[in-house]
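The points run from the whole chain down to single residues.

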Amino acid sequence: MQAFLACFESGCRAKFALSEVLYNCPRCGGLIEVDYEWNEANTAPWKELWRERRMDNAPLEQSGVWRYRELLPFDDAQSQVVTLREGNTPILEAPRAAKYAGLDRILFKHQGFNPTGSFKDNGMTCGVSQANRLGKQVVACVSTGNTSASMSAYASAAGLKPVIFLPHGNISFGKLAQALEYGALTLQIEANFDQILALVRLITDRAGVYLLNSINPFRIEGQKTMAIEMADQLDWDVPDWVVMPGGNLGNASAFGKGFSELHRLGLIDRVPRIAVIQAQGSAPFYHYVQSVERGRFSAVGNPETLATAIRIGDPVSWPKALSVLEHTDGLVELVSEQEIADAKAVIGQTGIGCEPASAATLAGIRKLRSTGLMGKGDRVVAVLTGNVLKDPDYIYRYHTGTLKAPNGEEIVSHFGNRAQIVENDPAKIIELLRTL
Ligand code: F0G
């Protein structure tokens, strides 16, 4: 297998060596991806090989990313891999959530089970391993919180220095706390995610630091293993739909790439439809896809949502995500703050739980069911991107009826669960318990 970098633009497709540090094509400015020349005749034993590796205690085999390394661009560089045993995230059945959405059945692939509690770890293990291979000392990212938590952990594990740029005041404490704990140089900038990304892209090359946002093609390679692991867990019988929240659109790009490579290699017989769900106040991709003419992509200048992870108005990976929708017969939907909040509480009541952005999936599925775009009996896997503990402040506000949308509107706690204050009196407590 030979891997190389390639321009994503179909009119260009310029090729570059894996050792080049590229985020955009030097010829046409397009996005960069990793591409492969596989010998397709060799793929038959892979499914069995990947299963066998699960029984092995070696670090690379225990990783739910590196176990699938036949599809990753690190053939000659396995000694430089940095792993925290990422991936291996479960697929969970949630009947109560299925009922809420109007489906017979729903499965959640819960990326919140990752070492730093989000799907970013799948990509970051590859991104930081590439930084290692390139001999970089300092790695940087802009983040709404999860990328920075993940990058900080992996960089520190590799002995590299993490530098993170965050939108001041718009990141949950759980995520900020992780970055501090993992030892990142943490810079809070008075600007939003899109503005900071533009700033950081200007300075990274000059400062000699390696950028680990999802514009980095090695991040996408790691993240595509979520699709591979999902297919493996479903015994290669892929669902009708895979649903995920959309922010910077790296994740949708990665899932699409993963499934289409599996298909190209004959490991699955079709690709699932990809549905991307955006928050109403941060939905540039939704508006673009809906627009009749599809001319220039227009960013949302002041994106707003309480799901701060996806508070992004100018997603860099939109061309890749658009191509994923085209190749998978996918779609984009948007959901309100109220819908996200209620869906999140329902996911909590199933005993699973997730962070706000992740709950956009269930809210979106419910909407797609109500409009008839999704069938009751369709096989649906929703990707829960982050752990429930990432944003406890949001949870507390929802359950105490004090959560307000960015426009000031109150969120109604339809599934609220308030703590009760009780006297230190056994009789009264017994009386209370009898009402259950
Ligand atoms: N869900 C969560 C929990 C996220 O943290 C993000 C992105 C997304 C969904 C959207 O994924 O950007 O690939 O479309 N978080 C980034 C960050 C932007 O900085 O942590 P996407």
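**Notes on the predicted model**

1. Surface. The protein chain exposes about 18,000 Å², and carbon and sulfur atoms supply 50% of that area. Accessible areas come from the Shrake-Rupley method with a 1.4 Å probe; for residues, only the protein chains shown count as cover.

2. Ground rules. This is a predicted model: local features need pLDDT of at least 70, side-chain atom pairs count only at pLDDT 80 or more, and totals for chains, interfaces and linings use all residues. Residues are numbered from 1 along each chain as its sequence is written, and side-chain values use heavy atoms, with hydrogens and water left out.

3. Overall build. The protein chain has 15 helices and 13 strands. These are DSSP runs numbered from the N terminus: helices are H or I with at least four residues, strands are E with at least two. The radius of gyration is 21 Å, close to the 22 Å from the globule rule for 436 residues, so the chain is as compact as a globular protein of that length. That radius is taken over C-alpha atoms, and the rule is 2.2 Å times the number of residues to the power 0.38. Along the principal axes, the C-alpha atoms fill a box of roughly 70 × 55 × 45 Å.

4. Of the 436 residues, 57% are buried. Buried means under 20% relative accessible area, exposed over 50%, and partly exposed in between (1.4 Å probe, protein chains only). Take the contacts (heavy atoms within 4.5 Å). Among those between residues at least 6 apart in sequence, 69% join residues at least 24 apart.

5. Charge. There are 43 positive and 47 negative side chains, and the centres of the two sets lie 1 Å apart. Lys and Arg count as positive, Asp and Glu as negative; His and the chain ends are not counted. Each charge is placed at NZ of Lys, CZ of Arg, CG of Asp or CD of Glu.

6. A three-stranded sheet. An open sheet has the order β2-β1-β3 with antiparallel pairing. Its edge strands, β2 (15–16) and β3 (32–37), each pair on one side only. Strands pair if DSSP finds at least two bridges between them. β1 (residues 2–7) and β3 are joined by 6 bridges. Leu 5 stands opposite Val 34 in β3.

7. Strand β12. What covers its two faces in the count of buried residues? Leu 331, Glu 333 and Val 335 are buried on one side, Val 332 and Leu 334 on the other. β11 (residues 273–279) pairs with β12 in the parallel sense over 5 bridges. Val 276 stands opposite Val 332.

8. Glu 61 lies in helix α2 (residues 59–62). Glu 61 counts as buried, at 11% relative accessibility. Leaving out residues up to four places away in sequence, Glu 61 touches Arg 53, Asp 56, Arg 67 and Arg 69. Asn 192 sits in the loop between β8 (185–189) and α7 (193–207). Asn 192 is buried at 10%.

9. Positive phi. Most residues other than glycine have a negative phi. Leu 249 has a positive phi of about 75°. Leu 249 is in the loop between β10 (241–245) and α9 (250–264), and is buried at 2% relative accessible area. Asp 329 has a positive phi of about 55°. Asp 329 is in the loop between α11 (318–328) and β12 (331–335), and is partly exposed at 49%.
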